[in-house]
Amino acid sequence: MNKHLPSRFPMNHWQTSHRRGWLLLLGLLCGFSTAWSQSETWAVAKIDAKLKKDADVVVRVDETTYRLNGVNRGEERRRLVATILNANGKSFATYEVRYDRTFSKPPKIEGRLYDAKGKLLRKLKSKDLHDISAVSGGSLYEDNRVQVGQLIHDEYPYTVEYWHTQGTRDQLLPGGWFVQAGTRVSVEKATLKVDMPAKMELFYKMVGVEQEPQMQVDGQHRSYSWKLLNVPALDQESMGPSLRDLLPKVLMVPSSVKLGKQEGTFDSWEAFSRFFYQLNEGRDELPVELSEKVKELCADLTDPKEKIATIYQFLQEQTRYVSVQIGIGGWQTYDAHYVYENGYGDCKALTNYMKSMLEEVGIPAYASLVYAGSEPPSFHADFPSSQFNHVILCVPMEGDTTWLECTSSDNPPGYLGSFTDDRYVVLLKPDGKSLVRTPKSSPEENRRLRTVNVKLDEQGNAQVEVKSVNSGMLHDELSGVSSQLTSKEQESWLRRRIDAASFNIEDWTLQEVPQSAVPTWELTFELEGKNWAGKTGTRLFVKPNGLGQSLPDLEDVSDRTQPILLHQPVLYQDSVWYELPAGYRIESQGDFPIQVEEVFGAYEADFTQMEDGRLLYTRSLRMEHMELPPSFAGKVKEFLQKINRADQLQVVLKSGT
Amino acid sequence: MKALSCSLLVGIGLLLPAILFGQVRKEKFGKVSTDDVRMESYAEDPEAGAVVLYEEGSVSYRYVGQDLQQTLKIHRRVKILGEGGLEYADVSIPYLAYRGYEGVTNIKAMTHYVDESGKVQSQKISKSDILDEDVNGQYHLKKFSFPNARVGAVLEFSYQKSSKDFVSLPTWVFQEQIPVAHSQYITNVIKGFDYRNVVMGGSYPIQRSQEGGTLNLGSAGMMNTTRTSYVCQNIPALVKEPYVSSLSNYFYRVELQLQGVYMPGFSEKDYLKSWNQLAKQMMKDEDFGEHLESSKAVKEVVPGLLAEAGEDTLARIQALYEWTQKNTDWDDREGKYANVKEKVLLKEGKGNGTSINILLINLLREAGFQADPVLVSTRENGLPQSIFPTLRQFNHTIVAVDLGKESPLLLDAQSGLTPYDMLPMQDLNGMGMRVTETGATWIPVEPTHANQTIIQLLAELSADGQLTSSQTFQHKGYACLTARKEAMAADDEQTFLSETLQEGFNEVELSETALELGESRSDPLVTTCQLSTSDFVQKAGEFIYLEPMLHQATDENPFKLEKRSYPVNFGAPISERYILTLKLPEGYTVEEAPEPTRVSLPEGAGSFQYQVMAMGNQLQVMSEIKVNKIEFSPNEYGQIRQLFDMIVAKHAEQVVLTKAVESAQDDSNE
């Protein structure tokens with residue numbers, strides 16, 4: 001009976017957040033349709049050649065309307081007609097509408113499929129529709145679902161037309177409306193219409209969109225309309241901004257917002273902060289046993305730093321990250337009792353729990369909204385709105401504020417790493433300045449210091465000892481491997497990480513370096529390295545940067561239009577010692593020393609023979625955290641190429657005279 | 001075929017009734033021993049992040065209304081030993097909710113842990129924290145997370161899963177990616193239902209015992225039953241290793257299949273007796289056998305295609321195959337049953353692989369060929385077995401057509417990129433079952449093409465270390481299929497060419513790049529270009545050092561593990577040939593060059609040949625790697641690893657050139 005049950009459906013639209021957190025309705029594009037004229041035809045021949053350039057998909061029409069009938073009621077309508085030029089645009093044959101079961105019924109999607117001449121081939125049938133759960137990665141449960149329509153055809157080009165209407169008892173507006181849904185997509189016509197109740201306004205910010213909206217007031221509603229024509233396709237350039245920053249968009253927030261029973265406005269960051277503060281107020285009462293436990297833990301401590309460290313360690317031992325989001329649970333935290341009972345919670349609940357425990361010993365703290373991830377999108381500080389997906393805790397102290405990542409089981413207190421450092425956050429508090437930045441780190445704090453000893457034999461094989469001390473951002477992987485993987489898995493991780501021709505691992509260790517200013521881990525290993533040097537007759541060919549790393553190449557240099565983003569400030573320092581087999585001398589060596597220096601980074605490599613006959617190779621690479629204008633492309637490429645070339649230099653050893 | 005039968009011998013064994021009496025344990029929910037809660041590491045595997053202390057599955061039956069349902073009760077205890085084991089605290093139980101086919105009820109979960117004061121605590125999960133996720137309207141998940149889960153805790157849960165399918169018994173998997181201390185499976189089946197068991201994936205001692213029992217079916221009265229138990233202890237964790245078609249092949253498990261029903265009221269005494277009966281059943285199926293009848297469209301199109309193809313048998317088969325490819329598109333679904341009728345397939349142009357291949361059979365039969373469907377299990381789906389009859393293992397259908405030779409030609413038109421006489425890599429999984437009206441025949445499913453590349457360079461080296469060359473790169477067989485897929489996925493031809501041609505270089509300038517796709521899918525894919533680079537050449541004083549394998553050097557042994565516990569499978573033979581003809585710069589001679597080498601693995605399983613020859617001012621470099629055998633057992637792993645070590649060593653060798661005249665002058669100056 002179950003021969004034809006579909007397996008799980010592919011989810012192939014771009015979805016922005018991995019932990020929804022408080023990401024306020026920054027969902028997918030949503031849409032509109034009314035009666036439209038029958039004279040429209042979708043012949044591919046009618047598309048302007050300019051719109052086909054660099055495009056896999058030409059959006060013929062994309063009409064979206066949001067009609068708010070109150071703060072918490074409304075309807076979205078969308079109609080999308082897209083011509084798919086080739087297989088790379090196939091994802092547009094699938095139409096997805098996200099919805100939340102608590103607030104909406106499943107939307108009804110209709111669709112049609114046309115051939116290249118614009119002739120109707122077929123209509124969307126119920127068998128082309130699927131309703132699937134859309135729980136984001138890292139979450140145990142959410143009420144999010146997605147309704148999916150699919151019209152697949154095998155002969156390109158073809159055109160799909162979709163439309164749907166959906167009512168909701170929730171916040172209706174998404175955080176932003178994107179003119180294009182991705183790269184290599186051009187647009188003939190895109191419109192956005194937002195109908196606000198007459199008593200309300202729409203706050204908006206246009207990014208990459210120039211034309212101001214048309215305004216209209218009729219009876220019950222105040223309307224804002226945008227219309228964009230003939231928008232060419234965009235391509236993403238290497239090491240450039242994220243898709244989200246690249247695509248033109250309109251950011252939107254209604255002048256009145258309501259979540260559950262909480263009402264407010266986002267006309268300033270202070271108001272935004274107050275709203276979420278109040279929504280989460282009164283959830284910090286601790287169970288009596290816990291209150292006593294916390295006081296007992298801190299009984300002998302006077303330094304607030306020690307109290308923070310002690311309670312943070314207690315949190316890390318007693319709880320773990322589990323995300324369950326039902327109803328407005330995406331925005332409102334579970335209370336401290338819930339975490340105490342279950343020993344788990346999501347980022348909001350764990351942060352609230354930590355905050356409650358600190359308050360118990362007289363240390364005030366603020367839950368802080370942040371966009372987590374090592375490559376965050378641009379932040380619009382002039383547009384108070386939810387640009388966040390995560391919560392951390394800020395413990396303010398005179399000149400020495402401590403930040404706590406409450407979902408981590410192994411971070412030391414105060415360490416944020418590339419996940420949340422150096423960016424804007426909003427502190428949740430009843431009043432006062434709320435928009436602040438998390439601290440920035442320097443390359444010296446994010447360092448890998450590596451010492452390698454290589455004992456070469458005359459076959460080119462080697463006995464190799466490596467000691468690598470990693471700190472800051474560069475320790476993340478090591479501490480993660482140590483806590484998450486079994487010893488066997490750690491060894492296979494190490495095997496994959498060693499970039500050498502062929503080897504057997506003879507011994508290895510991985511451990512924390514205690515009492516370091518920034519978190520630091522040490523990895524050591526010993527290898528029996530085969531073919532460490534190439535051997536031909538009387539000569540050995542050695543690449544002294546034996547365990548090196550290869551740098552990415554920068555593409556899209558000529559005619560570059562997008563900035564170059566260097567996300568991580570890091571410093572790599574290597575010393576490699578070589579002991580040569582008896583009777584070998586240096587026949588030739590590369591053009592050492594080599595130095596390359598730019599504002600965004602510096603490299604140095606040198607090679608010398610010591611008095612005891614050993615050879616020493618040193619290498620240092622330092623990269624800054626910077627955003628460079630497109631005109632820097634040539635310099636960045638040259639910098640990377642010079643380093644790649646220098647890293648490949650070889651030394652030739654010869655036996656005899 | 002040889003390789004496969006070997007692994008079958010290792011992998012599958014029939015369980016004989018154990019003489020030893022099974023040590024079935026009886027554990028009560030919630031009664032976890034203090035020793036288990038206080039235990040700090042698992043002696044059998046001290047590194048494990050978690051261990052399954054105890055798991056029981058027991059199968060029984062009950063009446064729900066008019067329906068007889070099967071129930072599977074699960075009771076499981078997992079001990080968390082390290083932070084990596086905490087993932088076992090999040091539980092998802094999948095079930096098929098579609099039309100109430102399956103249901104999961106009576107979920108109980110409890111965390112047992114030692115609290116700060118050193119006392120053992122047990123905490124139950126509350127009903128409201130057990131969630132039901134509707135995955136796609138058909139499959140659902142019961143989800144929950146253990147409260148206060150922490151390192152050291154014992155996580156215990158139990159549930160009951162009911163199924164309307166009371167005939168097939170669930171497969172029981174003893175092994176996991178963490179060690180299992182004790183696992184038992186108990187089936188209490190109605191007497192007269194005769195099941196055969198097959199143990200797959202490993203060899204650990206199982207204690208099996210059988211006894212008579214009874215089952216109270218309420219109003220249906222008491223039934224006599226057969227109670228069988230399987231107990232297995234101390235099963236090590238199965239660790240992932242690279243180059244394996246599917247890890248699921250290797251989990252140690254017992255599969256049970258109904259062999260016959262011997263009881264009054266059942267007319268068909270043998271429920272599933274033989275492969276022949278299964279074949280006949282498939283032939284009668286409305287989504288398989290009934291599709292084997294040409295539609296009007298097929299009858300109309302065949303004469304024209306044959307007339308165009310001419311008299312040659314293979315040309316005719318090719319024409320019919322290519323017509324099928326052109327007129328159908330795979331819908332990304334799999335299955336051994338056709339999911340669309342032939343008429344719909346031809347009208348809408350899409351269907352699953354079985355639908356497409358049944359269309360091809362109809363075309364071939366219409367053209368007078370003897371063609372039949374062959375049921376297969378794809379590489380990802382796991383190895384097929386021919387020992388006990390079951391259809392469950394198959395997930396795809398291909399085509400066998402007789403050519404009057406010993407073995408038939410196998411075809412699969414699902415992909416639009418394969419030539420007619422080549423099966424996609426995913427089909428190459430040892431064997432398949434040919435299905436005809438009269439019965440079933442097992443036939444080998446083996447590659448007829450290799451993964452083959454030939455690269456030729458005609459180059460010139462200048463005295464300042466610049467290398468310029470013309471390059472012709474041919475991809476044949478599976479290498480051609482891979483390259484075609486990449487070319488299709490690229491934004492355009494130029495992007496594909498510049499990406500593939502730059503591979504292996506640090507800096508290279510390319511010109512006159514061209515791509516030849518050939519006229520048919522059987523033709524090789526060829527790229528040609530002119531290139532100029534200073535990579536692979538280092539100039540130092542009177543010397544020029546040259547890496548003669550250029551960008552084609554195998555610089556890492558792909559087999560990094562010292563030992564393996566399951567086989568390496570290449571899917572198809574490999575053949576890589578490299579030829580460089582290099583004109584040396586004026587006045588330079590070869591001072592030192594790699595020695596030629598030739599190594600072969602036993603029984604022609606693989607070989608490596610390499611030589612560098614200097615002739616006048618020209619250098620000839622030749623390298624050829626061949627792997628003829630498809631599967632290497634863990635015992636043979638050392639051979640293949642060593643072969644690649646030799647290749648890496650040879651490919652790392654360099655040619656030393658010296659400027660003859662000037663160096664002589666230098667010497668005289670000194």
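Two residues are said to be in contact when heavy atoms of the two lie within 4.5 Å. The legends below describe close-up views of a predicted model.

**Figure 1. Surroundings of A:Phe525 in the nonpolar core.** Residues up to four places away in sequence being left aside, A:Phe525 touches A:Val464, A:Glu465, A:Val466, A:Leu494, A:Ile498, A:Asp507, A:Trp508 and A:Leu547. A:Phe525 belongs to the largest nonpolar core, a set of 56 residues. The residues with the most contacts inside this core are A:Val454, A:Ile498, A:Phe525, A:Trp532 and A:Tyr603. Helix H10 of chain A (residues 633-648) supplies the largest share of the core, namely 6 residues.

Figure 2. Chain A contains 10 helices and 39 strands. Its C-alpha trace spans about 95 × 75 × 60 Å along the principal axes. Of the 657 residues in chain A, 57% are buried. When contacts between residues at least 6 apart in the sequence of chain A are considered, 72% of them join residues at least 24 apart.

**Figure 3. The interface of chain A and chain B.** Here 76 residues of chain A are in contact with 73 residues of chain B. The area buried between the two chains is about 6,200 Å², and carbon and sulfur atoms give 44% of that area. The interface holds 9 salt bridges. On the side of chain A that touches chain B there are 23 nonpolar, 29 polar and 24 charged residues. In one salt bridge, the side chain of A:Arg495 meets that of B:Glu562, with a distance of 2.8 Å from N to O.

**Figure 4. B:Thr324 within helix H5 of chain B.** B:Thr324 lies in helix H5, which covers residues 313-327 of chain B. This threonine counts as buried because its relative accessibility is 0%, and buried means under 20%. The side chain of B:Thr324 reaches the backbone oxygen of B:Leu320 at 2.8 Å. Beyond its neighbours within four places in sequence, B:Thr324 is in contact with B:Ile356, B:Leu359, B:Leu360, B:Leu363 and B:Ala413.

**Figure 5. Two cis peptide bonds in chain A.** The bond joining A:Tyr156 and A:Pro157 is cis, with omega at about -10 degrees. A:Pro157 is found in the loop between strand E8 (144-150) and strand E9 (158-168). A cis peptide bond also leads from A:Phe592 to A:Pro593, where omega is near -5 degrees. The loop that contains A:Pro593 runs between strand E34 (584-588) and strand E35 (594-598).

Figure 6. A:Asn531, a residue other than glycine, has a positive phi near 50 degrees. The position of A:Asn531 is in the loop between strand E29 (520-530) and strand E30 (534-536) of chain A. With a relative accessible area of 16%, A:Asn531 is buried. For B:Glu512, likewise a residue other than glycine, phi is positive and near 50 degrees. B:Glu512 is placed in strand E25 of chain B, which covers residues 509-516. B:Glu512 is classed as exposed because its relative accessible area is 61%, and exposed means over 50%.

Notes: Residues numbered from 1 in each chain as written. Chains lettered and ligands numbered in written order. Predicted model: local features only at pLDDT ≥ 70, side-chain atom pairs only at ≥ 80, totals over all residues. Heavy atoms only, no water. Buried area = accessible area lost by both parts, 1.4 Å probe. Salt bridge = Lys/Arg side-chain N within 4 Å of Asp/Glu carboxyl O. Nonpolar A, V, L, I, M, F, W, Y, C, P; charged D, E, K, R; others polar. Core = buried A, V, L, I, M, F, W, Y, C linked by side-chain atoms within 4.5 Å. Buried < 20%, exposed > 50% of the residue type's maximum accessible area, 1.4 Å probe, protein only. Helix = DSSP H or I, 4+ residues; strand = E, 2+ residues; numbered from the N terminus. Polar contact = N/O pair within 3.5 Å; in protein donor to acceptor, adjacent residues only side chain to side chain.
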